[in-house]
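Thanks for making the time this morning.

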Amino acid sequence: AVGRLSAQVAHEVRNPLHAIGLEAELALEAAGAIENSSRKSAIRSGLGAILGAVDRLEKITENYLKLSRMGTGERRPAELADLLQNTLATYATAIEKAGVRVDWTRQGDRPVPIRVDPTNFEQAIGNLLTNALQSGCRRIEFRIGTLESGRAYLRIEDDGSGVPESAREKLFTPFSTTKAQGTGLGLSFVKKVAEESGGEVRFLEETTLGGAGFEAVLPLSEAEA
């Protein structure tokens, strides 16, 4: 009941937020006609702060609504490498802008078939990638393959600043974040996507690159069939 109520609140908040943002953008444009430079600067600064706050709140409501709608997607067979490459193509501009090198490797030559909602899973990979890009790293590595247990895995590691030990226990808790502008819902979404797909995700205490690392483990679609 609390979850449904929260989702309804997020939905109702989103519309007035959009209106506030639109009005602030129009006011920002109108501020350009003000002749008094100091007054213009103060108004533009204030409107910029409003737009920044609106943008953050819109991200929070959108992510929360995504969490509340989880489970409604259609799971179907997909190749893990294809999902990863689609995500990297989507984030190519952000990767280039950050000046980060991103590599991926697959264990062996065999495909890694999984059964997921492709849209949700690509968004989950994107959330992990975004976290890495925001860590100040210069290099990111993805690895995919199968474990001896017969399950598929996807690992991501970076050489960034890592995760403070004090924050690790609440990494997947909604609204828990170490970033000043973070929503605290990115990893919660990743966790829910993995669980809805019959798998799990965990933080890696040790990585080869020295930064943060995460591993998602999922059933193979062949094993499910």
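Leaving aside its neighbours within four places in sequence, which residues is Phe142 in contact with? Before I answer, please keep in mind that this is a predicted model. The contacts of Phe142 are Leu84, Leu88, Val102, Asp103, Trp104, Thr105, Ile125, Leu129, Leu154, Arg155 and Ile156.

As general background, nonpolar side chains in soluble globular proteins tend to be buried together.

Let me place that in the whole chain. The protein has seven helices and seven strands, and from the N terminus on, the elements run α-α-β-α-α-β-β-α-β-β-α-β-β-α. Of its 225 residues, 40% count as buried, and if we take the contacts with a separation of 6 or more, residues 24 or more positions apart account for 70% of them.

Now to the aromatic rings, where the structure holds two pairs. In the pair of Phe172 and Phe214, the ring centres are 6.1 Å apart and the planes stand at 85 degrees, so this pair is edge-to-face. Because Phe172 lies in the loop between S5 and H6 while Phe214 belongs to strand S7, the pair ties together parts that are 42 residues apart in sequence. Are these two residues buried or exposed? Phe172 has a relative accessible area of 18%, which is under the 20% limit, so Phe172 is buried, and Phe214, at 8% relative accessibility, counts as buried as well.

The other pair, Phe203 with Phe214, is also edge-to-face, with 5.5 Å from centre to centre and 70 degrees between the planes. This pair links strand S6, where Phe203 sits, with strand S7, where Phe214 sits, and the two residues are eleven apart. Phe203 is buried too. Taken together, Phe172, Phe203 and Phe214 form one aromatic cluster.

Staying for a moment with H6, the buried residues of this helix are Leu187, Ser188, Phe189, Val190, Val193 and Ala194, and just after H6 comes Gly198, with a positive phi of about 85 degrees.

Next, a residue in a loop. Arg75 is found between helix H2 (37–68) and strand S1 (76–79), and its relative accessible area of 32% falls between the limits of 20% and 50%, so Arg75 is partly exposed. Although Arg75 and Ile114 are 39 residues apart along the chain, their C-alpha atoms are separated by 9.4 Å.

Finally, a pocket. How much space lies in the second largest pocket? The value is about 150 Å³. Eleven residues line this pocket, and those that lie nearest its centre are Arg110, Pro111, Val112, Pro113 and Thr146. By type, the lining divides into four nonpolar, four polar and three charged residues.

I will stop there and take comments.

Conventions. Residues numbered from 1 in each chain as written. Predicted model: local features only at pLDDT ≥ 70, side-chain atom pairs only at ≥ 80, totals over all residues. Heavy atoms only, no water. 1 Å grid on protein atoms, 1.4 Å probe; cavity = no way out; pocket = protein on both sides within 12 Å on 5 of 7 lines; lining within 4 Å. Points joined across faces, edges and corners; volume = space filled by probe spheres on them. Nonpolar A, V, L, I, M, F, W, Y, C, P; charged D, E, K, R; others polar. Contact = heavy atoms within 4.5 Å. Phe/Tyr/Trp six-rings, centres within 6.5 Å; stacked < 30°, edge-to-face > 60°. Helix = DSSP H or I, 4+ residues; strand = E, 2+ residues; numbered from the N terminus. Buried < 20%, exposed > 50% of the residue type's maximum accessible area, 1.4 Å probe, protein only.
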